[in-house]
Amino acid sequence: MEKNLTDQLYEELKKRKLFSEQEDDQSKDEEDSDKETGDTKGSENSDFVDMVSTLLHSRTQAHVFHLQTKSQSSFAEHMALGGYYDEIGDHIDGIVESFQGKYDIVKNYDTMDIENYSGKDQLISYFRGLDDMIEEKRKGIKESYLQNQIDTIQQLIFSTLYKLRNLA
């Protein structure tokens, strides 16, 4: 069986004692670990996982808020929240699948506690906070196609905020 160029290079470096077997094993272990966790970019991947975890949570949180609206004056809130949780899932799927297509399966998602609905001001604050989190976490993402998908998510957040502020 013919060896590939990488294997030939490793052998030559080992012969010249420029690369030890221990370094090789450690490097392969780190690479395997990175592939397994999708940790291709260190803390930048952690930011991506945090962002996606929060967005996944936002779908459930918006659904809970939606189900807890009760007065006639909050019908617009009810509809705005329904629109958000109906759409956000597809956007999350898209960005995660794109990320995983380039890197590997994302793991180590986090969970958050659900809040109970307390009024319009809470909703506005929640969605503003969601946008602030995205702005912070997206900084380490270099790929334009991922940035475009994040823009689409922010577009949905701002559309929801418009509806909550001006139609509710």
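Predicted model: local features only at pLDDT ≥ 70, side-chain atom pairs only at ≥ 80, totals over all residues.

Q: What order do the elements run in from the N terminus?
A: They go α-α-α-α-α-α.

Q: And what share of the chain is buried?
A: Buried residues account for 35% of the 168 residues. As for contacts between residues at least 6 apart in sequence, 77% of them join residues at least 24 apart.

Q: OK, on to H5 and H6. At roughly what angle do their axes cross?
A: Roughly 160 degrees, with the axes of H5 (residues 120-137) and H6 (residues 144-166) coming within 10 Å. That angle is over 145, so H5 and H6 are roughly antiparallel to each other.

Q: Is that crossing left-handed or right-handed?
A: Left-handed.

Q: Which residues meet there?
A: On the H5 side they include Leu123, Ile124, Phe127 and Asp131. Among their counterparts in H6 are Ile153, Ile157, Phe158 and Arg165. The residues of the H5 contact with H6 divide into eleven nonpolar, two polar and five charged.

Q: Switching topic: where does Ser74 sit?
A: In the loop between helix H3 (43-68) and helix H4 (75-102).

Q: Buried or exposed?
A: Ser74 has a relative accessible area of 3%, so it's buried.

Q: What does the Ser74 side chain reach?
A: The backbone nitrogen of Lys70, at 3.5 Å. Leaving out residues up to four places away in sequence, Ser74 touches Thr69 and Tyr117.

How values were computed:
Residues numbered from 1 in each chain as written. Heavy atoms only, no water. Helix = DSSP H or I, 4+ residues; strand = E, 2+ residues; numbered from the N terminus. Buried < 20%, exposed > 50% of the residue type's maximum accessible area, 1.4 Å probe, protein only. Polar contact = N/O pair within 3.5 Å; in protein donor to acceptor, adjacent residues only side chain to side chain. Contact = heavy atoms within 4.5 Å. Axes fitted to C-alpha atoms, helices over the stretch in contact; angles between N-to-C directions. Parallel < 35°, antiparallel > 145°, perpendicular 65-115°, else oblique. Left-handed = near helix turned anticlockwise from the far one by under 90°. Nonpolar A, V, L, I, M, F, W, Y, C, P; charged D, E, K, R; others polar.
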